[in-house]
Amino acid sequence: MPRVSLVIAAYNEESVLKKKLENALEIDYPSEKLEILLGSDGSNDLTAEIASRFFDVGVKFYDYRIRRGKPSVLNETIAKSSGEVLFLCDANVMFDPHALKRLVAHLGNPAIGAVTGDVRLESHEANFGEGESAYYKLERAIQLGESKLGSVMGVDGGMYIIRRSLFDTLPSWALNEEFIASMRVIRKGFRIAYEPDAFAIETATPTATQEWRRRVRVSAGSVQILRGGFWPPATRPIELWQFLSHKALRWANPLLLAVLFVASAVLTLSGAHPLYKMMLFMQAAFYSLATLATISLAFRNTKIGGIAFYFTMSHIAMAVGMVKGLLGRQATTWKQADRTFSSHTSV
């Protein structure tokens, strides 16, 4: 088993930090081969006080007083670590005790440079949980297929490992730093694997407003990825195809959906084949369901309403994020969501 450095970047995580550090200490891995490092990005709550309670059990705490953004916190904290393998995660993600061993097992294959796991969202308390749950089930199925065929197109920032030798300093302006790290692994000739049995629980953002902000931020980061050329090279045709089909086409979805709606309307008004009238009706019905779910929280909590709402909200947020990314209007620092784990959360 290689020496592993668990690195946690935190900003005002007082609501989950105690549980997070206790969870990290319960990881089923030789203690002499696992170090835990916590970097605080200018937190002004009780993050430092809570962290101090864990100094005597080996947690290393770095309090960066000036806020600089997650990529810079990761860079500085990783520079102080000693592991052959970096284990990166978010403060609101709680691991199954066996997750790390299951991730590390893949590194026995020298072609694999990083491994991501199944981060399961505790979304039953969110007011859009049904839609989010359906989205992540689809996403995990895609990742499993990608892992078998070529390489996963991006790790889950909530929980992943990467060989230290493949980790390069992250750009301080990065909004999707885990995706940039992923593409660097692939561009260096390695693969990213997905391990479905390495799981963790993450608190979902509880309100649609907070999820909107997160989606806008992630989408703005996609512009950085395209501008920076962070995609698989032509010498990796399978991975390049996976990037285009999984990521690039998804980012183009807002435009494609708008064109589809307008084209269906024009063809319907021109008296073209009844098929186009049916397509227009189906699209209008779907967006009407999304509108109803926006107004009615009760309907949003149903499966049909939740899926229509989450799909539509995500794509509008994606469009806004892409525009903000093109204009350079998205800040690198993030605004913390209000999140706590419910009493029945378990891993």
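Is lysine 277 buried or exposed in this predicted model?

**View 1. Lysine 277 in helix α10.** Lysine 277 is exposed, because its relative accessible area of 54% lies over the 50% required for that class. The residue belongs to helix α10, which comprises residues 274-295. Between lysine 277 and arginine 217 there are 36 Å from C-alpha to C-alpha, at a sequence separation of 60 residues.

**View 2. Helix α5, residues 129-149.** The helix contains 21 residues and extends 30 Å from its first C-alpha to its last, close to the expected 30 Å at 1.5 Å a residue. Its buried residues are Gly129, Gly131, Glu132, Tyr136, Glu139, Arg140, Gln143, Glu146 and Ser147. These residues lie on the same side of α5, because they cover an arc of only 160° around the axis. Lys137, Leu138 and Lys148, on the other side of α5, are exposed.

**View 3. Elements covering the buried residues of α5.** The cover includes two strands, β6 (112-122) and β8 (191-203). Helices also contribute to it, including α7 (208-228), α8 (237-251) and α12 (303-327).

**View 4. The largest nonpolar core and another core apart from it.** The largest nonpolar core has 36 residues, of which Leu6, Phe87, Phe95, Leu100 and Ile161 touch the most other members. Apart from this core lies another, of 35 residues, with Leu74, Leu86, Trp251 and Met322 among them. In soluble globular proteins, nonpolar side chains tend to be buried together.

Terms used
Residues are numbered from 1 along each chain as its sequence is written. This is a predicted model: local features need pLDDT of at least 70, side-chain atom pairs count only at pLDDT 80 or more; totals for chains, interfaces and linings use all residues. Side-chain values use heavy atoms; hydrogens and water are left out. A nonpolar core is a set of buried Ala, Val, Leu, Ile, Met, Phe, Trp, Tyr and Cys residues joined through side-chain atoms within 4.5 Å. Buried means under 20% relative accessible area, exposed over 50%, partly exposed in between (1.4 Å probe, protein chains only). Helices (H or I, at least four residues) and strands (E, at least two) are DSSP runs, numbered from the N terminus. The expected span of a helix is 1.5 Å times one less than its number of residues. The arc is that of the directions from the helix axis to the C-beta atoms. Contact means heavy atoms within 4.5 Å.
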